[in-house]
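Hi,

Here is the structure I promised to pass on to you. Please have a look at it first, and then read my notes below.

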Amino acid sequence: MQPKSLSQWVTGPLSFIKFSHIFFSTDVGHCILSHHHFFSNIDMRETTKRKGIEYLQRQLLQDLGVKSADITDENDGIWMVSEKLQNRKVLVVLDDVYDLEQIGKLAGEAGWFGEGSRIIITSRNKKVPGFEGGRVEILEAEPMKFEESLLLFSRHAFGKENPPEDFRDLSEEAVRITGGLPLALEVVGSQLRTSYEHRDRVHWNNLIGTLRKIPARKVQDRLKISYDALDWEAKKIFLDIACFFINEEKTKAIYMWQSCGFEPYLAVKELVDASLIKLADENKFLMHDQLRDLGRKIVRDDVLKDPRKPCSRIWMHEDALKVLREEEGKENVEMLCLSYNELSEDYALTKLELKSFKNLRYLSVCGLNSLGDSEHALPKLIWLSWHSCPDVFQGTNLYLKNLVVLDLSRSLINETWKGWSQIGMCKELKVLDLTSCPRLTKTPDLSVCMKLERLILQDCMNLVEIDRSVGTFKIGCPYLRDIPEEICSLDGVEEIVMVAKGSFQDMLNLPDFIGRLSRLKHLSVSLVRSTPPNSLGYLKSLAKLDLSWSKMAELPKSIGGLVKLEYLSLQFCRGIKELPDSIGDLKSLAELDISMSGITRLPSTIKYLQELKVINMRGSVIEWIPRSIKKLKKLEKLDIQYCYHLRNISSAIEGFPSLLTVSCSAPRDGIWRTMEED
């Protein structure tokens, strides 16, 4: 779909709205939106099958600043979406819709949203529902032209937009063979890049010859060439992602793979370099649906060697139930998912069903009544996800000696839940996810979980107390809805993440003694007070500080004490008008984001930030850029798009290395003036 087609639908600057990889990554059209939501990284097909439509309804509402923990079923979700968003002008993108009923449960009528809202749907099915009270337009994706295909291929094969002359003939042949399919161009180009760096035309000829033998219609066979070139660990991780972790954060998966003895960071990099996966915001796995289908086909085909055995990875609910009821072949299963399904709500796993899973390392269940008696069962289980588990714990002997990741998110459990005593026997536990547990008012006693590293309490809206046992963690990583004073005594805390994402209802005050958290490396919060506490500058280990959407009026002068800070974001901080001169003391700062903020000028001390590579001022009210900015020798990107108050900057960037990328838009009303003199 071309950007110019989308521009017919929206009006005003899309400076803070991103489009997924299915669109060209460029700014398109104009749109003025008071709120927006974008399912850019959510595969509707996969998410609905695994987590249910309620999950998407809840996420839609949450990202638009509406409390959604009360959703108990899809009918509740339909009512909340239709009632709570009527006065909001939104942009909703539903990607890979395969069932028209899904649309009716997320965006059933135009009247559900404010006037001027836009709903964009991507699907292979041309049949679309009629939106009562709205207008429907259908746009078909056009095939890439040869010149566009060559450009995309070159970016992945050579890192630039045109092939070198000595490889042009081979590049054009590769493009013709792939038939202009963007995915194939990316994957094949990425595979050939190493050979180009060694000027190896022989390998190019061999690969092109192999591709030429495979009919154009067999896209997966062509893609499998890149899979076959991976090492053993990367293949295993690719299959895990294809079957279970698309659109999931990588952090918990990394813990599992490390416990398997893998080197996951190297393997993930190999997959990214091969264009077999992508990472959204450096943390969420994305995969093209054809690569997903390839991975799952490989898993299914492996069963053909011995039809009596089930697949090593079982992601479909019906297949999982079948395997549970069979007695043979369970030792072949490594990963199993009982996904969202109405049959699972009253289903209880028995010891008999579990006992033969000798090599199961990942188990995901949703809404099950009980895990039964699991004594001596699941000896190699590393990851257990039990979503929507009941408030009355009915399992016994939940002794999972190798469990590293436990996910109990979206459940009705509280601090007196009887299951906590069973979890205490999991001595290897490192990650405990309690996201969206509305009945939790206090963290449980976790003193026996001596290896726990990450406690996730996001959207636990009634949480008011942190148990003292949290202080016994060697490393803590709470994602809290509130930040009580007690947390300042927890020396092990490394991350606190609580960004409001556009909603000012959940803004926080940092504790006055936040500076005591000597190991804190990542702090993401939206603040309500006029000035953060002075002790913020005492966080000597802090590498990432994200204060997006804060209402504060200024930064403390002590900010210069953050000697290890590499990333600072003040996005949408409208109340801040200027940065303190002490900003120049941030010797490690590599990226500064003041987009959509109220900052009018940069201090001259910015010249001392010799590690700074990126400055993002997009959509801000910045007026002046000091001449001293040209002293930033490592600056690679300067984004000043939609900075309509900015005066002429040509002399400021004169003399910069040619590698500097400046993103800008046309001046409005011709108001460009002379640059500020230092």
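Throughout, contact means heavy atoms within 4.5 Å. Among the contacts in the protein with a separation of 6 or more, 50% are between residues 24 or more positions apart.

Before you go further, please note that this is a predicted model, in which local features need pLDDT of at least 70 and side-chain atom pairs count only at pLDDT 80 or more, while totals for chains, interfaces and linings use all residues. Residues are numbered from 1 along each chain as its sequence is written, and side-chain values use heavy atoms, with hydrogens and water left out.

The overall picture

The protein has 18 helices and 19 strands; these are DSSP runs numbered from the N terminus, with helices being H or I of at least four residues and strands E of at least two. Of its 678 residues, 55% are buried. Buried means under 20% relative accessible area, exposed over 50% and partly exposed in between, with a 1.4 Å probe and protein chains only.

Helix H3 (residues 53-63) is a mostly covered helix, with eight of its eleven residues buried. Glu54 and Arg58 are among those buried residues. Packed against the buried residues of H3 are helix H2 (44-51), helix H4 (74-84), strand S1 (91-94) and helix H5 (100-106).

Two helix pairs

For the packing angles, axes are lines fitted to C-alpha atoms, for helices over the stretch in contact, and angles run from 0 to 180 degrees between N-to-C directions. Angles under 35 degrees count as roughly parallel, over 145 as roughly antiparallel, 65 to 115 as roughly perpendicular and the rest as oblique.

Helices H8 (residues 182-197) and H9 (residues 201-213) cross at roughly 155 degrees, and their axes come within 9 Å. That makes the two roughly antiparallel. On the H8 side, Val188, Gln191, Leu192, Ser195 and Tyr196 meet His203, Trp204, Leu207 and Leu211 of H9. This contact has six nonpolar, three polar and no charged residues. The classes are Ala, Val, Leu, Ile, Met, Phe, Trp, Tyr, Cys and Pro as nonpolar, Asp, Glu, Lys and Arg as charged, and the others, Gly among them, as polar.

H11 (residues 232-245) and H13 (residues 264-273) pack at about 75 degrees with axes 9 Å apart, and are therefore roughly perpendicular. Their contact has seven nonpolar, no polar and one charged residues. Ala234, Ile237, Phe238 and Ile241 come from H11, and Pro264, Ala267, Glu270 and Leu271 from H13.

Rings

A search of the whole structure turns up 17 aromatic pairs. Rings of Phe, Tyr and Trp (its six-membered ring) pair if their centres lie within 6.5 Å; planes under 30 degrees apart count as stacked, over 60 as edge-to-face and the rest as tilted. One of the pairs is Tyr362 with Trp383, edge-to-face at 5.1 Å centre to centre and 75 degrees between the planes. Tyr362 is in strand S7 (residues 362-366) and Trp383 in strand S8 (residues 383-387), so this pair ties together parts 21 residues apart in sequence. Tyr362 is buried at 2% relative accessibility, and Trp383 is buried at 5%. Ring pairs also link these two with Phe244, Phe245, Trp257 and Phe285 in a cluster.

A buried loop residue

Ser312 is in the loop between helix H14 (289-302) and strand S5 (313-314), and is buried at 11% relative accessible area. Its contacts beyond four places in sequence are Val299, Asn332, Val333, Glu334 and Met335.

Best wishes
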